[in-house]
Amino acid sequence: MRETAVRLVGQVEEGAYANLALEGQLRRVAWSAADRALLTELVNGTVRMKKHLDWVLSLFLNRPASRLHPWVRDTLRVAAYQLLFLERIPAYAAVDEAVAMTRRLGPRLAGLVNGVLRALARDR
């Protein structure tokens, strides 16, 4: 489900409307009420707090978030939103899921995501 949130955030970044992209996704897949609520919170919260999330991530990156691979950037944003604003999601779960989603792009990018999110979780 976090992967869906990252994909939807990416669509919004490319110009889609968050509410329409989210509604379309929720119609296509039969999510439980809890999953629907979490997906909605992840997408809307990440989009709403994008500038703040980019600022926080810039404290742990050696380049602007806007210069990262789009999937990595959006994965970092969604995971950072979970770490900073959602109390019921354990930090290890947010970090582990983000690293697993990034691993298919390569070990270096997965290492970057792991390092940034672990530092954020430790120093928030």
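**Helix packing in a predicted model**

Helix H7 covers residues 107-123, 17 residues in this predicted model. From its first C-alpha to its last, H7 reaches 24 Å, close to the 24 Å expected at 1.5 Å a residue.

Reader: Which helices do the buried residues of H7 pack against?
Author: Start with the buried residues of H7. They are Ala110, Val113, Val116, Leu117, Ala119 and Leu120. The buried residues of H7 pack against helix H4 (50-58), helix H5 (70-85) and helix H6 (91-103).

Reader: Is Arg73 buried or exposed?
Author: Arg73 is found in helix H5. Leaving out residues up to four places away in sequence, Arg73 touches Glu13, Ala65, Ser66 and Leu68. Its relative accessibility is 10%, and the cut-off for buried is under 20%. Arg73 therefore counts as buried.

Reader: How are the rings of Tyr81 and Phe85 paired: stacked, edge-to-face or tilted?
Author: One aromatic pair turns up in a search of the whole structure. The ring centres of Tyr81 and Phe85 are 5.2 Å apart, with the planes at 35°. Stacked needs under 30 degrees and edge-to-face over 60. The pair is therefore tilted.

Reader: Where do Tyr81 and Phe85 lie, and how does Phe85 count by accessibility?
Author: Both residues lie in helix H5, four residues apart, about one turn of the helix. Tyr81, at 3% relative accessibility, counts as buried. Phe85 has 34% relative accessibility, so it counts as partly exposed.

Reader: What is the orientation of H2 to H3, roughly parallel or roughly antiparallel?
Author: The axes of helix H2 (residues 18-28) and helix H3 (residues 33-48) come within 11 Å and cross at roughly 155°. Angles over 145 degrees count as roughly antiparallel. H2 is therefore roughly antiparallel to H3.

Reader: Which residues make the contact, and what is the hand of the H2 and H3 crossing?
Author: H2 brings Ala18, Leu22, Gln25 and Leu26 to the contact. H3 brings Arg36, Leu39, Thr40, Val43 and Asn44. The crossing of H2 and H3 is right-handed.

Reader: Is Trp31 buried or exposed?
Author: Trp31 sits in the loop between H2 and H3. Not counting residues up to four places away in sequence, Trp31 touches Met1, Thr4, Gln25, Leu26, Arg36 and Leu39. At 18% relative accessibility, under the 20% cut-off, Trp31 counts as buried.

Reader: How far apart in space are Trp31 and Met1?
Author: Met1 is among the residues that Trp31 touches. The two are 30 residues apart in sequence. In space, C-alpha to C-alpha, Trp31 and Met1 are apart by 9.3 Å.

Definitions and conventions. Residues are numbered from 1 along each chain as its sequence is written. This is a predicted model: local features need pLDDT of at least 70, side-chain atom pairs count only at pLDDT 80 or more; totals for chains, interfaces and linings use all residues. Side-chain values use heavy atoms; hydrogens and water are left out. Helices (H or I, at least four residues) and strands (E, at least two) are DSSP runs, numbered from the N terminus. The expected span of a helix is 1.5 Å times one less than its number of residues. Buried means under 20% relative accessible area, exposed over 50%, partly exposed in between (1.4 Å probe, protein chains only). Contact means heavy atoms within 4.5 Å. Rings of Phe, Tyr and Trp (its six-membered ring) pair if their centres lie within 6.5 Å; planes under 30 degrees apart count as stacked, over 60 as edge-to-face and the rest as tilted. Axes are lines fitted to C-alpha atoms, for helices over the stretch in contact, and angles run from 0 to 180 degrees between N-to-C directions. Angles under 35 degrees count as roughly parallel, over 145 as roughly antiparallel, 65 to 115 as roughly perpendicular and the rest as oblique. A crossing is left-handed if the near helix is turned anticlockwise from the far one by less than a right angle, and right-handed if clockwise.
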